Amino acid sequence: MGRLILGIESSCDETSAAVVKDGWQVLSNIISSQIEVHQLYGGVVPELASREHLARISSVVERALSEAGVPLSDLDAIAVANGPGLVGALLVGVSYAKGLAYATGLPLVPVNHIEAHIYANFLSPSPPPLPLLCLVVSGGHTSLILMRDHGVHELLGQTRDDAAGEAFDKIARVLGLPYPGGPHLDKLAQEGRVLYSYPQARLEEGSFDFSFSGLKSAVLNHLNTAAQKGESPPGKDVAASFQHAVVEVLVEKAIRASRSCGAASLCLAGGVSANSQLRKRLQEEAALHSIPVFIPPFAYCTDNAAMIGSLGYRRYLAGIRAGLDLNAHAAMPVANWAEKVRTDPASGGM
Ligand code: KG4
Ligand code: ZN
């Protein structure tokens, strides 16, 4: 009988619960998306997100348990994302998990949402070998994280301004695409050609940081200047050119970082890892350098609770537990926890 973890995720606009066995086998993964609620406003409205989570969380958790065929009494622990994200939204998942832990007596395991994205790659019988380098590209984050072991990481680079997903969403918006723009822009770009050469910020020599605000401004300037001349560049070509600029920088830095740190595998994670061009180009370039590459299935790229359950399992095994005073945090860096647990078990790795 394996270990069964209930994962709970509510950091942004997806209410999700999953039952994960032994950190990799997904018995259920229920995702209730609020896209239709926020679409009207062109972006996530935090207060609405909290209310929607509140309305949905009980039934999402119940469905996750029933679809997995796992009664509460068979669970080993409850894992919950308590940051980073929208604090009101996070608090719904955290409060629900605390209530459930209190009622059942099950251990409560807090999980970092960004670190959990990496674990989308572990939801498989053949996980990536360690040390791994992960390019985490989501709506709020763009980071290159070297993971030496579970709970042992190093941040090699991150965005200095906009996250990759944020840039996708902003450009999609000016192209008149619905929220969230990333997947729509991806689709539109497939019909277009890379006609415009937008800037690809590489920053200082050797830097693994990213910057997408200059690229965003360049696309906006291009469209505004064209509009003033009464021209309108085809949206599909703007989309293809913008996407090309983002993807080439991401791939180039990920490959260079992975070679320089001697990682045994290169992983992709976060919502933008659903991007078709990014998946294709990363695979092509990694093959050229004989780097084993791991890309999660689409369902585990965007926000989901299965990844929370997978990281929750590792932290549960390490003895990490939260009390009923667990709080949610809007900003929460990916912190090392393995060493903390070894040297100070009472810290709970926090
Ligand atoms: O990881 P995620 O679901 O939520 C955060 O933690 O932020 O990422 C959402 C982001 C959004 O910006 C969305 O537009 C982007 O991922 N995204 C994509 C694609 N699918 C989702 N961006 C580009 N191409 C896609 N196919
Ligand atoms: Zn996310």
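Author: What follows goes from the pocket to the contacts and then to the metal. The model is predicted, and the distances and areas below are computed from it.

Start with the pocket. Ligand 1 sits in the largest pocket. There are 18 residues around ligand 1, and those that come nearest are Gly139, Asp169, Asp186, Gly271 and Asn275. By type, the shell around ligand 1 is made up of eleven polar, four nonpolar and three charged residues. Three helices each supply at least two residues of this shell: H4 (113–118), H5 (164–174) and H6 (181–189).

Next, the contacts with oxygen atoms of ligand 1. Aspartate 169 places a polar side-chain atom 2.6 Å from an oxygen atom of ligand 1. With glycine 139 it is a backbone N or O atom that lies 2.8 Å from an oxygen atom of the ligand. Histidine 113 has a polar side-chain atom 3.2 Å from an oxygen atom of ligand 1. Taken alone, ligand 1 exposes 560 Å², and the protein buries 89% of that.

The zinc ion, ligand 2, is coordinated by NE2 of His113, NE2 of His117 and OD of Asp303, at 2.0 to 2.1 Å. The spacing of these donor residues in sequence is H-x3-H-x185-D. Histidine 113 and aspartate 303 are 190 residues apart, and the pair links distant parts of the chain. Histidine 113 is in helix H4, whereas aspartate 303 is in the loop between strand E10 (293–294) and helix H10 (306–317).

Methods
Residues are numbered from 1 along each chain as its sequence is written. Chains are lettered from A and ligands numbered from 1 in the order in which they are written. This is a predicted model: local features need pLDDT of at least 70, side-chain atom pairs count only at pLDDT 80 or more; totals for chains, interfaces and linings use all residues. Side-chain values use heavy atoms; hydrogens and water are left out. A residue is near a molecule or strand if one of its heavy atoms lies within 4 Å of it. A polar contact is a pair of N or O atoms within 3.5 Å; within protein, one must be able to donate a hydrogen and the other to accept it, and residues adjacent in sequence count only if both atoms are side-chain atoms. Accessible areas come from the Shrake-Rupley method with a 1.4 Å probe; for residues, only the protein chains shown count as cover. On a 1 Å grid over the protein atoms alone, a cavity is a set of points where a 1.4 Å probe fits but cannot get out, and a pocket is an open set with protein on both sides within 12 Å along at least five of seven lines; lining residues have an atom within 4 Å of a point. A molecule sits in a cavity or pocket if more than half of its atoms lie within 2 Å of its grid points. Helices (H or I, at least four residues) and strands (E, at least two) are DSSP runs, numbered from the N terminus. Ala, Val, Leu, Ile, Met, Phe, Trp, Tyr, Cys and Pro count as nonpolar, Asp, Glu, Lys and Arg as charged, and the others, Gly among them, as polar. Donors are N, O and S atoms within 2.8 Å of the metal (3.2 Å for Na, K and Ca); water is not among the atoms, so sites may look incomplete.
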